[in-house]
Each structure stands twice: as C-alpha cells, then as structure tokens.
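Please walk me through this structure in plain terms.

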Amino acid sequence: MKSQTEYKLKSAPEDAVSAVKFGPNTNQFLLVSSWDGCVRLYDVTANNLRHKYAHDAAVLDCCFTDAVHSYSGGLDNTLKSFDFNTTKEHTVGSHNNAIKCVEYCSDVNAIITGSWDHHLKLWDPRTPICSGNYNQGEKVYTMGVCGEKLVVGTAGRKILVWDIRNMSYTLQKRESNLKYQTRAIRCFPNKQGYVLSSIEGRVAVEYLDTNPEIQKKKYAFKCHRIKEDGLEKIYPVNAISFHPIHNTFATGGSDGYFHQYHTSVTSLSFSHNGSVLAIACSYFLEEDNPPNPLPEDVIYIRTVTDQETKPKYSS
C-alpha cells in the first residue's frame with residue numbers, strides 16, 4: 001500500500017524518464033526529460049503538465065538555470081534552451097556525440113554539458129555561446145556541481161575534479177573505489193565531497209580534501225541487493241539525490257527499491273527545502289528478456305518528513 005503522502009503525476013512521459021529536477025527555490029515546478037524526445041515542466045502542486053518541448057531524439061538530461069529557463073540535451077547531440085514565460089526555444093549549440101549530462105553552476109553562472117564525445121563544454125546563458133571545450137579522455141557518464149567545483153565521472157571508472165573558474169588544468173584525477181562502471185555522482189550540499197554509485201549495487205562517499213585525516217572519513221556500502229532463494233541479485237544504483245538541509249541522501253536502483261516500486265527508479269530529486277521528493281520509475285532494459293508489455297513510466301511525488309530524512313546517527 002502506497003502511503004497517502006505520495007501520488008502519481010498526470011500526463012507522464014511516453015518512454016523512460018532520464019531525469020527529474022526541481023526548480024530553484026520551489027516545491028512546485030519539476031523539469032523532466034525523457035527518452036520520448038521531450039522535456040516537460042510539471043506543476044506538481046496542481047498535478048498538471050504546464051509546458052512541453054521536443055528534441056529530435058531521446059533527451060538524456062535537463063536542468064533549470066532559474067525559475068523560468070531550462071536547458072536540455074540528448075541523443076540529437078544538441079543543447080536547447082527554453083523560456084517558460086515566452087515559450088520560445090533556442091538551439092544553443094552541439095557536441096559531436098550524445099549529450100549525457102546537463103548541469104547549471106549558479107556560483108559561476110555557467111551551463112555545463114558532458115558528452116559521449118569525451119568533452120565537457122561550458123556555456124554562458126547570457127549570450128548563449130560555448131565559452132570552453134575540455135577533453136575528459138573518456139565518455140562522460142555523470143557529473144555533479146560542488147560550488148565552483150565540478151566532479152566528472154567517465155568511462156574507465158575515472159573521476160576528474162575541476163575548478164570551473166579555471167579549467168586550464170584538472171584539480172584532481174582519481175579512480176573510483178568501486179570496481180564497476182560509475183552510474184551517478186552527486187555532491188554534498190555542504191560542498192565537502194560527493195557520493196558516487198556503480199552498476200553493481202554499491203555507493204561510495206568521498207571527500208574532496210586530500211588531507212589524510214579527512215580521507216579517513218570516506219566509506220563505501222552495498223545497497224540495492226535482494227536475496228531470492230539463497231541467491232543475491234545485485235542491481236545498478238541509478239539515482240542519488242541529497243536532502244538540501246540534512247546532508248543525507250536517497251538512492252534509487254534497478255531493483256525498484258526506495259520504497260518498493262513496480263520497476264527501476266531512474267532518477268530522484270529533492271525539492272529546494274527537502275519537503276518533497278520526485279521519484280521517476282521506468283523500465284531501463286536491464287534484462288535480456290524484457291517483460292511484455294513494459295511497465296508504465298511513472299513519476300511519483302512524495303511528501304517526506306524530517307523523520308525520514310534526518311541522519312539516523314551522528315557521525
């Protein structure tokens with residue numbers, strides 16, 4: 001039985017949901033990108049679809065820059081912006097391959113795109129033009145903004161840390177402590193570090209400060225594993241979202257667990273004050289013989305309490 005504090009969004013995307021992101025300073029407006037080639041803006045309070053615009057192929061990520069502007073990219077290699085007030089869309093620029101990640105860094109007012117063409121690009125939203133192009137050496141899978149810093153996860157389990165104000169060199173080059181491919185990276189709200197997840201049911205908590213005393217605090221743990229008939233099934237950890245106040249985080253995996261959902265949790269987003277959590281559930285072609293018909297694509301909006309999100313212990 002789903003709790004009374006949770007409901008489904010109406011007019012859900014028609015294919016897998018790639019990202020859900022709440023707007024800045026709002027519990028009301030949620031941006032959603034989907035494999036159906038569209039980006040949607042929902043009013044989750046009224047439970048309706050406010051706006052929708054299209055790319056030429058699946059959209060893999062999206063972000064707000066402020067309350068009325070969004071940016072998105074995907075398999076059409078194109079970065080688009082959309083103004084929700086005027087409903088005008090604009091093609092900002094492109095990569096040579098799919099755009100996997102789109103993030104906004106408010107500290108330096110830059111949009112950052114990460115692509116399977118191995119490059120990061122910085123874009124100035126005022127003009128909008130590309131203000132820098134940086135080779136990451138491998139396909140970019142995920143990235144997290146940490147104040148003025150950017151943490152990038154690429155193929156080959158590499159983690160690169162950049163200072164967005166000075167991209168002339170990489171601040172840190174690390175290898176993931178997890179043995180398998182990186183799936184998601186999200187940074188602490190207090191900007192001290194980041195959490196990364198892998199396709200093999202593990203999450204690592206890392207600190208940016210290289211001081212050995214600080215590095216002693218890092219740890220990793222197993223999650224999204226289900227024992228059935230004595231066999232342990234291990235699932236990718238697809239999504240991480242930090243509670244903006246308590247510095248705790250939620251994870252979502254291909255086991256459909258956060259609470260039990262009908263299919264994979266593909267993306268999570270806490271609202272700006274942490275009172276609401278958006279949970280995207282889509283089947284992500286994890287099995288050789290996918291179910292027929294495929295499970296429906298659903299976005300749940302869940303009211304969360306301090307009791308659920310406060311740290312369970314003091315470290």
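His118 has a relative accessibility of 31% in this predicted model. That value lies between the cut-offs of 20% for buried and 50% for exposed, so His118 counts as partly exposed. The residue sits in the loop that connects strand S11 (110-115) with strand S12 (119-124). Most residues other than glycine have a negative phi.

With a relative accessible area of 45%, Thr87 is partly exposed.

Another positive phi occurs in a hairpin. Strands S2 and S3 form this hairpin, with six residues between them, and Asn25 in the turn has a positive phi of about 55 degrees. The two strands run antiparallel, and five bridges join S2 to strand S3 (residues 29-34). How many residues of strand S2 (residues 17-22) are buried? Six of the six are, so the strand is largely enclosed by the rest of the structure.

Next comes a sheet. Strands of a sheet pair through backbone hydrogen bonds, either parallel or antiparallel. Here four strands make an open sheet in the order S18-S19-S20-S21, and the pairing is antiparallel. At its edges lie strand S18 (182-187) and strand S21 (219-222), each of which pairs on one side only. From one strand to the next, the twist averages 15 degrees. Within this sheet, strand S19 (residues 193-198) pairs with strand S20 (residues 202-207) over five bridges, in the antiparallel sense. Ser197 stands opposite Val203 in S20.

The aromatic side chains give another view of the structure. A search of the whole structure finds nine aromatic pairs. In one of them, the ring centres of Phe188 and Phe242 are 5.6 Å apart and the planes meet at 55 degrees, so the pair is tilted. This pair links distant parts of the chain: Phe188 is in the loop between S18 and S19, while Phe242 belongs to strand S24 (residues 237-242), and the two are 54 residues apart. Both Phe188 and Phe242 are buried. They also take part in a cluster linked by ring pairs, made up of Phe188, Tyr207, Tyr219, Phe221, Phe242 and Phe249.

Finally, consider the whole protein. It contains two helices and 28 strands. The radius of gyration is 18 Å, close to the 20 Å that the globule rule gives for 315 residues, so the protein is as compact as a globular protein of that length. Along the principal axes, the C-alpha trace spans about 55 × 50 × 40 Å. Of the 315 residues, 54% are buried. The accessible surface comes to about 14,600 Å², and carbon and sulfur atoms account for 47% of that area. Among contacts between residues at least 6 apart in sequence, 43% join residues at least 24 apart.

Key. Residues numbered from 1 in each chain as written. Predicted model: local features only at pLDDT ≥ 70, side-chain atom pairs only at ≥ 80, totals over all residues. Heavy atoms only, no water. Buried < 20%, exposed > 50% of the residue type's maximum accessible area, 1.4 Å probe, protein only. Pairing = 2+ DSSP bridges. Axes fitted to C-alpha atoms, helices over the stretch in contact; angles between N-to-C directions. Rg over C-alpha atoms; globule rule 2.2 N^0.38 Å. Contact = heavy atoms within 4.5 Å. Areas by Shrake-Rupley, 256 points an atom, 1.4 Å probe, with all protein chains shown as cover. Phe/Tyr/Trp six-rings, centres within 6.5 Å; stacked < 30°, edge-to-face > 60°.
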